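Open the structure in your viewer and keep the selection panel at hand. The tour goes element by element.

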Amino acid sequence: MAPVRSYTNWNSRSTDYEKQIEPYRKYFFICEGANTETWYFRKLIDIRKSLNIHPLIDIRLLEKTEEDKDISFPRKLIAFAESQKKNPEISFDEERDKMVIVFDADIFEEKVQDYDDVVALGEKNNILAVSNPPFELFLLLHFEHAYEEDVKTNEKVGNQTFIYKLLLARTGINPKKNSEIGELAKKVEVAIEQEKKINEDIHVCKGKVTCNIGKIIEEIRNDSIE
């Protein structure tokens, strides 16, 4: 098994004399993409305290390395996530911790036909964070009125180039090559509210502009660890 990088800023201490506290629950994110999603979730983790997440809840990004780096097909991503639960380096607690698997559903619009089977497989033991078209849709929702001005008037499900151009027009940034795209995480509150205007039910995703990433982030914020 190739090593995996775990990114977190859990319990950052100002001095070495402060007591180390272990989280009650950890949310591990594993993403299809190697760049855009990584930059975004790293920034989200950096600002976790400002999101009013329970102090005993940690968010961690698991970054694929070496021969695992290019794993992206959802079914393989789910298998990879399951294998990492047994990785002693990340100390995954089966009873408390959660694995969140982030992937795009646009490939299921034409090329792949087993979307329902993949979702059923993934949801057995994990949380699925899905966007259709790709993750750039969620990034676009970080702008006020993006739904009314961009998504609602230009709905073209499954068109990656289309959604990429809309985001580029908003940011002037190539989201696959510029880490500054991660700074959008600072406006995640906007994205959570904008996302509620589109379909958030990943079970009826085909043919619909869909995203539930903001919903999951909101659920993590509302987790009272009871």
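Strands and helices here are DSSP runs, numbered from the N terminus (strands E, at least two residues; helices H or I, at least four). This is a predicted model, where local features need pLDDT of at least 70 and side-chain atom pairs count only at pLDDT 80 or more, while totals for chains, interfaces and linings use all residues. Residues are numbered from 1 along each chain as its sequence is written, and side-chain values use heavy atoms, with hydrogens and water left out.

Select strands 2 and 4 together. They pair in the parallel sense over 5 bridges; pairing takes at least two DSSP bridges between the strands.

Strand 2 pairs with strand 3 in the parallel sense over 6 bridges. Phe28 faces Arg60 in strand 3.

Now color strand 2 by side-chain direction. Arg25, Tyr27, Phe29 and Cys31 point one way, and Lys26, Phe28 and Ile30 the other. In a regular strand the side chains alternate between the two faces of the sheet.

Next, select helix 2 (residues 74-84). Which of its residues are buried? Pro74, Leu77, Ile78, Phe80, Ala81 and Gln84. They lie on the same side of helix 2 because they cover an arc of only 160 degrees around the axis, taken from the directions from the axis to the C-beta atoms. Their cover includes strands 2, 3 and 4 and helix 3 (115-123), with contact meaning heavy atoms within 4.5 Å.

Conventions:
Buried means under 20% relative accessible area, exposed over 50%, partly exposed in between (1.4 Å probe, protein chains only).
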